[in-house]
Amino acid sequence: MAKGMREIKRQIKSTQNMKQITKAMELVAAANLKRAQTAAEAGRPYSDKLKEVVSSIATGGGSVKHPMLQTREIKRTAYLIITSDRGLAGGLNSALLKRFVDTLKSKHKSNNEFDLFVIGRKGRDYLKRREYPIKQEEVGVPDSPKFAHIKSLASAAVTGFEDGTYDEIYLVYNRFVNALSQIPTVKQLLPLDASALEGTKQAGPSADYEYEPSAEDVLNVLLPKYAETLVYSALLENKASEFGSRMTAMSSATKNATKRIDELTLTYNRARQAAITQEISEIVGGANALV
Amino acid sequence: MSTLRLEIVTPERKVYDKDVNMVVVKGVGGDLGILPHHVPMVTPLKVAPVKAKIGNAEEFIAVHGGFMEVRKDKVVILAESAELGSDIDVIRAEQAKERAQHRLNEKQSEIDHKRAEAALQRALTRIQVGGH
């Protein structure tokens, strides 16, 4: 066997191993994606209901004013960035972080104007390396996150808004469209957009509530909760995006590996044939020399 | 006997969904008993067990904060976490209770004190619900 052939054979073998791994990861990501989608759906009744009640108070009362619904002069901004813990998910995190850093550069002149709250190892490492001010971080969030995992981070950001440390809060995450497309999104979390709430108000007799003890007090409890819920649903959506993106990335990696194996096999067969031909011509040449 | 629908929803799932005759909760303004055809209302809740009466039977659910929305024939409780009696580990709750009481007895900053109090309240709620 020629030396080149052994080399090619080894390459085929290692590509095959890689293909097995990417194939397995693709399947795992597909299963996780299904779970993440179910989780996102299971959380929907809660956030829908909360939104419904908040909007009926915010728009029904008329006189109700709450700091969370009002825009004020922006001196300091908080960003809540949601990324994944693990890589191998295509350009998911890098696209999001690039988009985010661009936003930061266009909106702020210095690093003192904002604080970051980061979920996910990828985002934390990236932003830490670039020496952005990270106020709080949360890494190692499991694949099916519970509300408790991000509660402290979310409420820290929301409390910061309430006590006036921040004048606006943005949520940065990957919006899940389908398994093939996820959109890096920078969305305003606080102050809540009252006009967006109005749009969801449903016609019907449910709007006239009595509030105990008062509409303001109820709103005081509800709005922070609502904001935290939005963070949680963004986290769920980002998880779904992560798996979707990983599934796509791994499926194309598997496809590439298959192509590469085919090419290598062809080269290998050619080399084998060439070796055989050479051997025959050597034997024939030798026999001729004897005669 | 007329009934109303009681739903308890958390961000993760629907914990409870049944037709009941009466719901008793602890609101921030005091205890409330909700019967069918109650006036629509919204109120935040304290960390306390929620009692649901079905016929002569009573069911308890540990609800940790959140708020309640009442409609004519439906009560929806939204809480960050809620547990049925069967899901509660009473021994763990007892331990949590002792830990919280221990912390309350030490002199601490106001925030720690509040946190310990909240933990104690949660543990007590769990024990109450789990014991039934």
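**View 1. B:Leu104 is partly exposed, with 14 other C-beta atoms within 10 Å.** On this scale a residue is buried if 20 or more other C-beta atoms lie within 10 Å of its own, exposed if 12 or fewer, and partly exposed in between, with C-beta atoms placed from the backbone. This is a predicted model, where local features need pLDDT of at least 70, side-chain atom pairs count only at pLDDT 80 or more, and totals for chains, interfaces and linings use all residues. Residues are numbered from 1 along each chain as its sequence is written, while chains are lettered from A and ligands numbered from 1 in the order in which they are written. You'll find B:Leu104 in helix α1 (residues 90–105) of chain B. Helices (H or I, at least four residues) and strands (E, at least two) are DSSP runs, numbered from the N terminus. Which residues does B:Leu104 touch, leaving aside neighbours within four places in sequence? They are B:His113, B:Ala116, B:Glu117 and B:Leu120, where contact means that the C-beta atoms, placed from the backbone, lie within 7 Å. B:Leu120 sits 16 residues along the chain from B:Leu104, and their C-alpha atoms are 8.9 Å apart.

**View 2. Chain B has two helices and 10 strands.** Follow the sequence and you read β-β-β-β-β-β-β-β-β-β-α-α. The C-alpha trace spans about 50 × 25 × 25 Å along its principal axes.

**View 3. Six strands from chains A and B make an open sheet with mixed pairing.** Strands of a sheet pair through backbone hydrogen bonds, either parallel or antiparallel. Here two strands pair if DSSP finds at least two bridges between them. The order is β6(A)-β5(B)-β8(B)-β9(B)-β1(B)-β2(B). Which strands stand at the edges? They are β6 of chain A and β2 (14–20) of chain B, each with a single partner strand, so one side of each has no neighbour in the sheet. Two bridges join β6(A) to β5 (residues 41–44) of chain B, and these strands run parallel. A:Glu210 stands opposite B:Met41 there. Further along, β8 (residues 67–71) and β9 (residues 74–78) of chain B are antiparallel over five bridges, with B:Met68 partnered by B:Ile77.

**View 4. Chain A meets chain B through 21 residues on each chain.** On chain A's side, α2 (44–60), β6 (210–211) and α7 (215–290) each supply at least two residues. This side divides into 13 nonpolar, three polar and five charged residues. Nonpolar means Ala, Val, Leu, Ile, Met, Phe, Trp, Tyr, Cys and Pro, charged means Asp, Glu, Lys and Arg, and the others, Gly among them, are polar.

**View 5. β4 and β5 of chain A form a hairpin with two residues between them.** β4 (residues 168–178) and β5 (residues 181–190) are antiparallel over nine bridges. In this pair, A:Val172 has A:Val186 as its bridge partner.

Conventions:
Contact = placed C-beta atoms within 7 Å.
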